[in-house]
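Visitor: I've got a model to go through. Can we start with the charged pairs, then look at pockets?

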Amino acid sequence: MSRGTLAFVGGGEFSAGCDFDAALAAECGAPEVVVLPTASAYENPSKLRARAGQWFEALGVGCRWLDVYRRADAEDPSTAAVVARAGMIYLTGGSPLHARSTLLRTAVWEALVDASGAGATVVGSGAGGNVLCDHMVDVRGGAFTLGLGLTDELAIVSRANTLSAERIARTVQLAPPGLLVAAVDERSAVINRPDGSWETVGEVVLYRDGARTVLGDPAP
């Protein structure tokens, strides 16, 4: 299935160090970024909204914030229509479990999948990146649970710089055989482009089958 660029940010979105956002917006040519703050529902989203607006304004890009915090919000046809037309969609950090339960099998989620399939860039930061994966790391203990499944090519350990080595090692050891696990620090990213190429920006450590690996190493 064709798909636009996917970018997984370790966290710390909309702040200095996330300069890759400018390149991502320029590459897709989107005049504005549509922000889905679903995972941030219980983490003062109004403060994050102000920061997002200032951040994208400084990058010369518009910011359209969608108040999708409950399943009723995610089923709103007008909101889904905005997502479907978006050239770049950004999911914020917070609770991946709340994001999954709110967006799963909703009009907004289906619109995001369709937009990605039509070439839109989708960025997930922290929990927003975790939940995009089919294999989602459960922040409560580091094991795996089901995410929303936009990609099954990797799993993300976000905010890796805030976690102990033991916590990361547990996730790596629990990963299914062959699955790429990316431990991504805040203000760092893993980017997958439509041509299948991968790029890491900042501090990212990759693992497969319990051992460190590098991009380009094939799955067994």
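Visitor: Which residue does Arg64 form a salt bridge with, and how far apart are the closest N and O atoms?
Guide: Glu32 is the partner, and the closest N and O atoms are 4.0 Å apart. Keep in mind that this is a predicted model.

Visitor: What about Arg70, what does it form a salt bridge with?
Guide: Asp73, with 3.3 Å between the closest N and O atoms. Arg70 is exposed at 53%, whereas Asp73 counts as buried at 16%.

Visitor: Why does 16% make Asp73 buried?
Guide: Because buried means under 20% relative accessible area, and Asp73 has 16%.

Visitor: Which residues are linked in a network?
Guide: Glu27, Arg193 and Glu199 are linked by salt bridges. Glu199 is partly exposed, at 31%.

Visitor: How many salt bridges does the count come to?
Guide: Eight.

Visitor: On to pockets. What volume does the largest pocket have?
Guide: About 540 Å³. Its lining has 27 residues, with Glu13, Glu43, Gly93, Gly94 and Arg159 nearest the centre.

Visitor: Which elements give two or more residues to that lining?
Guide: α2 (45-58), α7 (127-130), β8 (154-158) and α8 (165-174).

Visitor: And by class, what's in the lining?
Guide: Eight nonpolar, 11 polar and eight charged residues.

How values were computed: Residues numbered from 1 in each chain as written. Predicted model: local features only at pLDDT ≥ 70, side-chain atom pairs only at ≥ 80, totals over all residues. Heavy atoms only, no water. 1 Å grid on protein atoms, 1.4 Å probe; cavity = no way out; pocket = protein on both sides within 12 Å on 5 of 7 lines; lining within 4 Å. Points joined across faces, edges and corners; volume = space filled by probe spheres on them. Helix = DSSP H or I, 4+ residues; strand = E, 2+ residues; numbered from the N terminus. Nonpolar A, V, L, I, M, F, W, Y, C, P; charged D, E, K, R; others polar. Salt bridge = Lys/Arg side-chain N within 4 Å of Asp/Glu carboxyl O. Buried < 20%, exposed > 50% of the residue type's maximum accessible area, 1.4 Å probe, protein only.
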